[in-house]
Amino acid sequence: MLSIFDIYFKSPIVHGMDLVSPRFPAPAKRLVLLVADGLRADKFFESDAAGKFRAPFLRSVIKERGRWGVSHARPPTESRPGHVAIIAGFYEDPSDVTKGWKANPVEFDSVFNRSRHTFSYGSPDIVPIFCAALPHTTWNSYPHDFEDFATDASFLDEWSFDQFQGLMNRSKEDPKLKELLLQDNLVVFLHLLGCDSNGHAHRPFSSIYLNNVAVVDSIAARVYNLLEDYYKDNRTAYVFTADHGMHDKGSHGDGHPSNTDTPLVVWGAGVKHPKPISSSSHGDGHSDCGTRFVDDHMHDTPTPKEWGLHGIERVDVNQADIAPLMSTLLGLPCPVNSVGSLPLDYIDMKKTGEVEAVLANTKQVLNQFVRKSQTKEATSLYFKPFKPLGHYSSLLDQIEDHISNGDYEVARKLSENLRDLALQGLHYFQTYDWLMLMTVIILGYIGWMTYIVLHVLQSYTSLAGDILTKEQADHRTDNTRKVQLCGCLFLGLLSIILFMEQSPPLYHAYTTMTVFLWTQISSEYRFIKALWKQLHGRELNYFTKVVAACAVSVFILEYLVNSFTERKLYTWCFLTVGVIAFLYLFKSIPWRSGIPFFVCGACWFLSVFTLMPAEIPDNNNLVIWSGVMIILIRAAGRFLDQHTEGNKFWLTICNSDAKKSKFPMLFQLQALLVGLSSVMVSISTSHRTENQELHVWHQIINWSIAGPSMVLPLFSANGLLSRLTSIFLGFAPTFLLLSIGYEAVFYGAFALVLMAWILFENTLIYSSKVKRLSSSCNNMEDNAIVDGRYLQLSDIRIPLTFMVLFNDAFFGTGNFASIASFEISSVYRFITVFSPFLMAALLIFKLFIPFLLVICVFSAITKLNRLPRLGCYFLVILFSAVMTMHFFFLVQNTGSWMEIGNSISHFGIMSAQVVFVLLLFALTNVYTKDICIGSVERSSRKAI
């Protein structure tokens, strides 16, 4: 599990680089950065319904005295990573996942750090990130209480401006403050949160959001007039942009153009004036900068006519390019961790200054590359350098020579090419250990799966007894010791190499586990050799069956992997399975038994639920009527249990000779509790709908229903059908009381499919004429088989079916996003006071109930087929490992936080499933350990 953090989520930030002092005069003495949080480009540039533009001041800047474009953000399009990209010049640090994406775990450099002094006002979630630990800063932020989604949040923008205006007014009476304001290399940062808050609360097409665009434009105009009147020296540069956009749904985070496209307007000292589009220019109005943008959608589309800017050249940039742009305007060194490329089309400098600015930007990126290269070389026994930059010093010398000779254009192009190579080199060393780590991890997974296969073949199949003679078994101990000694020596050698390379402790753990597994596999080489010889002598038909079984298994497992992101696949799965099962059963048993129709109908009924929304809507009536359906299902099971004498297709699972229930009225008691839970659902919901307080005695009744109901199945008859339907009825009250909508119906539908699985397996036993081992099983001493018979190739259908149903138990009523969204009504019937731990425990237990049903049925089916349950469990582990290895390659370290988090969750859940299922097996064993199965011989005699 931890391996993904060493591979995908290592911080790209390095320390120890020297600053690159610029060799050109500073175009501006001070710079103002205005960031309108959550302002998307189209809403800023386009006109309203009346044909008026929402930002008249900034449009006049674009047309008369500045440059403009679209700043392309890289997902995750969130506030903190967006501001880090603008101010520090690098994108989201993948290691931030270890901090829950709330803070950058590694210290970094920024434009504010390089300034003489920074004045900053805005949100408490943004401003302190850059200013809290900075000594040369004056900053303030409003309380979190101000961020009220129920109000128009544009007053937050006014608050930021008022704070800055108050500072300027105070300087007229404070000589020290005025002296500070008159110095150079000053930065003013105003964070304007209004658009983001209003976008979340009212959507970006609402009048409140669109009016907020006019507010930020007004603030930009007032800041400009305030500073120009104060200084009167035309030495102030202004940058207006946004950290991210806003989706129509009022959200952001992913790579949709509405989230990644943000406005950029730059004007003032050191900035070029507008450039009209000439006839030789691109028809789309873009400058020919050759930049590759970090978001994934198209960028060569023409500027929309609705923006009204088709006659003025547009210069798009990557969001991280803004940091070197601001540093260059102030004549400061670029932040040492920046990966941005200086957009020259914004800078108004002489040719010499342009070349020196690009060269300074190049050296800053190159310094990071050199530092990473030196660090890796110092700890590597066999170092593989980044060959394109093997002689970077000579390339720098060439650039310096061209500058000395006045070949500025050639020097600029060489500098830009060197910068691009340095960025490639940074990526090379960021992923330097990937090949080694991924090789070790994949070998570990393959070794784990191979070891499980060998263990199952040796312990739970007849192959071990057929292959190894007693004489061969005597030599296994000596050979095992030799192999283990070689494995220890090899592991020791690898540990020495890793120690000399100063590798992290987890690298040693990954290597140790992989070597251990392959050592165990190698110690079984005699068995593997004998197995190969026996298989080599088999007929072609046998190999065809093995290959077909493997192919079907892989297909089903890959289908399940894709179902994690597309839950509707389960609909097609159960529709198809229903048809196939119907056709097979229709040919195998008389249709009058009703089993083919029942199995097909149950599968089709369950297929409906993955078409429903993952966010479950409230439907109190569905929950109440689900209680009725659950009672009817249990009543039907009880009727079959009592009236199937002589029916060979039902007799084994009914088992009339089994021990009867300790309480004759158990069914009536369980049905009463289900009925009471439905009544309490109605009462609790009506109280909440009418805004009435839920009485304490209502909660006491709900707890009293849920607790005892889960104990009652232990007192039911131990026949397979009796016990399983009692378990189903026992967990129903708790599930109903925690349900708010269609998931209550899913509980009943899911139970029907589980019953269909039992009937299908029971039919297979008779149709294939499988004879159970009754008397011989007690005399087996050479193998660990205690449940009746060995595993066969056809038995893999049971763990595969378990995998499908186990995953559908979760995705049938939701997905990972729906789990993250908390709904108070889910636990309102048990607790009304906010208690996150108890509420989370109740919601998790609700998710566990379908899992418990699947495992109970799985255990019962292994008993029905006289299979070793532990052997089937090892096959479940094997299939889980296959899926885990696939999810290992699907882990993302880029994209929205939800996309990254989901990819980690998928891998983590499959990795933990082995332990999770084992714990549930232990828990459900309390209910299933004494289930009694009728014998084939007895049922066959009664059928005759």
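Cys-872 counts as buried, because its relative accessibility is 0% in this predicted model. Cys-600 is buried too, because its relative accessible area of 12% falls under the 20% cut-off.

The protein chain holds 35 helices and eight strands. It has 944 residues, and 54% of them are buried. If you take the contacts in the chain with a separation of 6 or more, 80% are between residues 24 or more positions apart.

What lies on each of its faces? On one side are Thr-236, Tyr-238 and Phe-240, and on the other are Ala-237, Val-239 and Thr-241, so named because all of them are buried and both faces of strand 6 are covered by the buried criterion of under 20% relative accessible area. Strand 6 also has pairing partners. Strand 1, residues 30-36, pairs with strand 6 in the parallel sense, over six bridges. Within that pairing, Val-32 has Tyr-238 as its bridge partner in strand 6. Strand 7, residues 261-268, pairs with strand 6 in the antiparallel sense, over five bridges. Here you can look for Thr-241, whose bridge partner in strand 7 is Leu-264.

Now for the helices. Two packed helices are described by the angle between their axes and the distance between the axes. Helix 7 (residues 154-171) and helix 9 (residues 194-202) pack at an angle of about 170 degrees, and their axes are 7 Å apart. That angle makes helix 7 roughly antiparallel to helix 9. Helix 7 brings Ser-154, Leu-156 and Asp-157 to the contact, while helix 9 brings Gly-194, Cys-195, Ser-197 and Asn-198. Sorted by class, the residues of this contact are two nonpolar, four polar and one charged.

Staying with helix 9, its buried residues are Gly-194, Cys-195, Asp-196, Ser-197, Asn-198 and Gly-199. The cover over the buried residues of helix 9 includes helix 7, strand 5 and helix 10. Just after helix 9 comes Arg-203, with a positive phi of about 80 degrees, although Arg-203 is not a glycine. Arg-203 sits in the loop between helix 9 and helix 10 (207-231). Is Arg-203 buried or partly exposed? Arg-203 counts as partly exposed, because its relative accessibility is 32%.

Asn-185 lies in the loop that runs between helix 8 (175-181) and strand 5 (186-192). Asn-185 is buried, because its relative accessible area is 16%.

A further backbone feature involves two prolines. Pro-75 and Pro-76 are joined by a cis peptide bond, with omega at about 5 degrees. To find Pro-76, look in the loop between strand 2 (66-72) and helix 4 (79-88).

The tour ends with another helix pair. Helix 13 (residues 351-379) packs against helix 14 (residues 392-404) at an angle of about 170 degrees, with the axes 12 Å apart. Helix 13 is therefore roughly antiparallel to helix 14. On the helix 13 side the contact is made by Val-355, Glu-356, Leu-359, Lys-363, Leu-366 and Val-370, and on the helix 14 side by Tyr-392, Leu-396, Ile-399, Glu-400 and Ile-403. The classes in this contact are eight nonpolar, no polar and three charged residues.

Conventions. Residues are numbered from 1 along each chain as its sequence is written. This is a predicted model: local features need pLDDT of at least 70, side-chain atom pairs count only at pLDDT 80 or more; totals for chains, interfaces and linings use all residues. Side-chain values use heavy atoms; hydrogens and water are left out. Axes are lines fitted to C-alpha atoms, for helices over the stretch in contact, and angles run from 0 to 180 degrees between N-to-C directions. Helices (H or I, at least four residues) and strands (E, at least two) are DSSP runs, numbered from the N terminus. Angles under 35 degrees count as roughly parallel, over 145 as roughly antiparallel, 65 to 115 as roughly perpendicular and the rest as oblique. Contact means heavy atoms within 4.5 Å. Ala, Val, Leu, Ile, Met, Phe, Trp, Tyr, Cys and Pro count as nonpolar, Asp, Glu, Lys and Arg as charged, and the others, Gly among them, as polar. Buried means under 20% relative accessible area, exposed over 50%, partly exposed in between (1.4 Å probe, protein chains only). Two strands pair if DSSP finds at least two bridges between them.
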